[in-house]
Amino acid sequence: MQKLSTRLQRFRTGSPLSFRLLAWILLFSSLFTLIASAIQLYSDYRKDLLQIDNRMLMVETGYASSLARSLWALDQKLLQTQMEGILSMPDVVHLRLRIEPDSELVMGDIPREAKTTSHSFELIHRGDEMFKLGELTVTADLNRVYTDMQRKVGFILVTQFFKTFLVSILIIWIFQYFVTRHLSAMANYAREFSLTNPTNPLRLDRPDTPRNRRDELAQVTDAINHMRERLNEDVARQERDAAEIRKFSKAIEQSPSSVLICDRQWRIEFANQKFTQLTGYDAGTILGKHPGALSENAMEHRETRNLWQSIRLQVLRVGVWQGEVNSVRRNGERFWEQLIVTPIKNSSGEATGYLILGEDISIRKRYEQQLLRQANYDILTGLPNRMLALDRLKLALAQARRESSLVGVMFLDLDNFKHINDTLGHDAGDNLLIEAARRISSCLRGTSTVARLGGDEFLVILPGLAGSEATSQVAERILKTFEPAYLLNGQEVFVTTSIGIAMFPTDSDNSGTLLQHADAAMYQAKHKGKSSFAHFAPEMTEVSHERLQMESRMRRALELNEFELYFQPIVHTDSGALCSAEALLRWNNPTMGMVMPDRFIPLAEETGLIIPIGEWVLQEACKKAVQWRKITGTDIGVSVNVSPRQFRDQGFTAAVMDALHSSGLAPEKLELEITERLILDNTIETADILKQLDAAGIRLSVDDFGTGYSALSYLKSYPFDTLKLDKSFVQDVMKEQEDASLVKAIINMAHSLGLSVIAEGVEEEAQTHFLQQHGCDYSQGYFYSRPVPHADFEKWLRTNHRVQA
């Protein structure tokens with residue numbers, strides 16, 4: 001007894017865990033007992049009620065018919081006997097029989113303050129007709145049900161409480177003996193535990209049995225005993241980690257990229273030497289500052305703050321930010337920087353700081369901007385080219401639709417430019433175009449655009465006009481600026497221009513038709529005597545009529561054999577030996593004469609005639625290449641230009657394969673020249689067609705590289721073999737250092753991607769030496785031969801013995 005008292009005392013004073021466990025066990029056991037008892041009592045209660053309800057239903061089913069017959073027969077004695085029988089049933093205490101029309105028979109009494117339930121049913125006589133004789137209401141007393149329930153509640157609560165209490169005491173005693181006393185021993189051992197005070201291994205006061213060696217207490221004991229052994233290992237590991245951290249710190253400090261480390265609030269904690277060299281900010285002066293708040297200039301500070309706000313949101317949403325920013329050095333100099341911002345996360349994946357890596361990409365950006373300018377601007381005049389002009393026109397039309405304003409489109413053509421170019425030379429013609437561009441630009445306001453479409457044609461876009469009279473005023477200013485003479489090669493030359501004007505939305509609501517109408521109006525101005533302007537009018541049908549005539553004649557050109565192919569040699573740059581030839585389409589119409597491709601190809605694309613014409617070109621080019629082998633005894637390749645409309649036709653691949661099959665030309669001797677504009681579509685269909693052609697062994701070339709939007713990123717994605725360097729890059733390599741550098745860069749870039757390079761427009765011997773020196777693979781141009789008909793090309797082949805496969 002004394003031993004038990006001692007254990008109870010230890011339980012009360014020394015084991016708060018056991019006490020809390022006892023309290024929780026009692027609480028939840030009591031709650032569970034109450035809930036279970038309540039459910040059981042309610043179930044019994046519902047069962048008794050259901051039994052009474054069933055008994056009343058039995059009265060209805062058993063007595064309804066006999067009571068109805070007694071009422072019909074007016075047998076009062078039998079009726080009373082039957083009701084007494086019902087009243088004698090358990091729990092039934094009251095009957096009320098309402099007899100039609102206004103009689104009533106009542107038997108039994110309802111106890112005062114009694115809880116009852118009632119059930120009523122009609123008494124109906126069923127003969128030839130149905131008669132309602134009355135209604136019987138049966139009332140049952142529920143006191144017995146409630147009395148039983150109260151008796152059960154008391155009994156269940158008392159028995160369950162004692163049972164729960166005894167079981168809880170037993171559980172707590174077991175828990176105290178098997179768990180908590182050992183936990184106290186572990187706690188005492190842990191208090192004395194230290195590296196400077198090695199102690200014996202922890203041992204618990206319990207039998208050393210296989211079962212005890214596998215339970216949780218044994219696992220905790222083993223963990224504590226192993227902890228001491230691991231501490232020395234951890235100390236050694238920490239020393240090694242510190243050495244690694246010092247090494248990584250030196251690597252970051254000496255990194256060729258600038259490195260910033262910020263805390264969770266984006267305050268700078270570390271900056272390496274490269275950051276100081278790149279920006280001019282000393283690491284000690286920027287600690288604690290935000291990366292976007294280094295500049296003291298208020299405007300720059302606001303701009304960088306907005307930039308870093310978007311960077312922060314991107315990092316939080318995606319987990320990394322990478323991009324190019326125009327940063328500012330401490331001395332105010334701007335430079336382009338490639339930034340990568342990533343969070344530094346702890347073991348639980350939470351961001352504890354941010355790592356910012358930077359690299360100076362100013363040189364690369366200058367090259368990219370130069371390429372972008374080449375793609376969007378005319379090299380000679382510096383004006384936007386056709387593609388950029390069309391983009392700006394579409395934007396102007398969209399803005400005019402929103403603002404309900406007008407847009408003027410002016411088409412300009414220099415009068416007698418070809419005569420001046422042929423008389424004074426190409427240099428004089430170029431100078432004339434440059435000065436003409438300057439004069440036109442001087443007549444326009446800031447929101448207007450002047451572009452060179454090609455040759456001597458210029459386009460002026462006048463957005464946001466209130467009325468059409470503004471275009472007339474601009475046209476008069478332009479004509480006036482052309483009145484002074486041009487000084488070309490020391491000679492004064494007077495050049496005029498003709499201007500055609502179309503208005504949006506008066507003349508058309510789309511850019512293509514506006515340009516056509518402005519072109520038609522320009523021809524009308526030329527007919528008026530040049531140095532004039534004309535507004536488009538519906539009666540100006542001459543241009544449209546000419547277009548229809550050309551389309552009609554072009555539809556019959558294939559049948560009448562009016563198309564013919566010219567060929568221009570492509571040679572090895574280093575040796576001048578022929579390797580292939582480019583097929584160039586010409587249209588020799590009896591009425592219009594020799595029509596160049598730039599006149600009829602756009603119309604053919606628009607009408608869809610380019611598809612049958614393109615198939616004919618493929619067939620003829622492959623046949624001619626087979627004939628050349630018979631002449632030279634060597635395989636000579638042939639290049640064919642592919643228009644975007646032709647390329648997108650569903651039967652294009654089949655047409656190419658049919659041309660090869662019918663002619664017998666080897667696939668690797670056919671090269672298809674694809675424009676940059678086409679591959680920039682970046683569609684699945686484009687990729688599939690190029691892959692099919694490449695799988696068949698056909699060579700693929702990027703034509704006029706650099707004249708459109710840059711396609712550098714697509715050269716890796718598509719299976720091209722050759723890159724054709726546009727003549728606009730080649731013509732000034734001996735005069736302009738920038739063009740020479742650009743040509744060298746493109747050649748190196750193409751070779752690094754495994755592409756061969758063909759230089760177009762080679763006209764001088766010095767250009768060939770430059771291209772040989774810098775590794776250009778092939779050349780093409782007037783220096784070797786102009787494009788000539790097939791018969792003349794065969795003669796050239798027979799006299800030119802430098803043919804190389």
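## Buried serines, a salt-bridge network and helix packing

Setting aside neighbours within four places in sequence, serine 756 makes contact (heavy atoms within 4.5 Å) with Asp721, Thr722, Leu723, Asp777 and Tyr778. The model is a predicted one, where local features need pLDDT of at least 70 and side-chain atom pairs count only at pLDDT 80 or more, while totals for chains, interfaces and linings use all residues. Residues are numbered from 1 along each chain as its sequence is written, and side-chain values use heavy atoms, with hydrogens and water left out.

Serine 756 itself sits in strand E24. Helices and strands here are DSSP runs numbered from the N terminus (H or I, at least four residues, for helices; E, at least two, for strands). With 18% relative accessibility, serine 756 counts as buried; the cut-offs are under 20% relative accessible area for buried, over 50% for exposed, and partly exposed in between (1.4 Å probe, protein chains only).

Zooming out, the protein chain carries 27 helices and 26 strands. Of its 805 residues, 42% are buried. Among contacts with a separation of 6 or more, 61% come from residues 24 or more positions apart.

Another serine, serine 701, belongs to strand E22 (residues 699-705) and is buried at a relative accessible area of 0%. Not counting residues up to four places away in sequence, serine 701 touches Glu671, Leu672, Glu673, Ile674, Phe720, Thr722 and Lys724. Asparagine 641 is 60 residues away from serine 701 in sequence, yet 9.3 Å away in space, C-alpha to C-alpha.

A search of the whole structure turns up 24 salt bridges, each a side-chain nitrogen of Lys or Arg within 4 Å of a carboxyl oxygen of Asp or Glu. Lysine 724 and glutamate 673 form one of them, at 2.8 Å, N to O. Lysine 724 comes from strand E23 (residues 722-725) and glutamate 673 from strand E21 (residues 670-675), so this pair ties together parts that are 51 residues apart in sequence. Both ends are buried: lysine 724 at 0% relative accessibility and glutamate 673 at 1%. The pair also belongs to a network of salt bridges that links Glu582, Glu673, Lys724 and Glu760.

Glutamate 435 meets arginine 438 in a salt bridge (2.5 Å, N to O); the two are 3 residues apart in H13, about one turn of the helix. Glutamate 435 also meets arginine 439, at 3.0 Å, N to O, and this pair is 4 residues apart, again about one helical turn. An α-helix has 3.6 residues a turn, so residues three or four places apart point the same way. Glutamate 435 is partly exposed at 22% relative accessible area, whereas arginine 439 counts as buried at 8%. The buried residues of H13 include Ala428, Gly429, Leu432 and Leu433.

In helix H26 (residues 765-773), the buried residues are Gln767, Thr768, Phe770 and Leu771. They span an arc of only 160° around the axis (taken from the directions from the helix axis to the C-beta atoms), which puts them on the same side of H26. Their packing partners are helix H24 (727-730), helix H25 (737-752), strand E24 (756-759) and strand E25 (778-779). After H26 comes glycine 775, with a positive phi near 80°.

Cis peptide bonds join glutamate 100 to proline 101, with omega about 5°, and phenylalanine 504 to proline 505, with omega about 0°. Proline 101 is in the loop between strands E1 (92-99) and E2 (103-108), and proline 505 in the loop between strand E15 (497-504) and helix H15 (511-527). Two non-glycine residues have positive phi: aspartate 91, near 75°, and serine 404, about 55°. Aspartate 91 counts as buried at 16% relative accessibility, while serine 404 counts as exposed at 68%.
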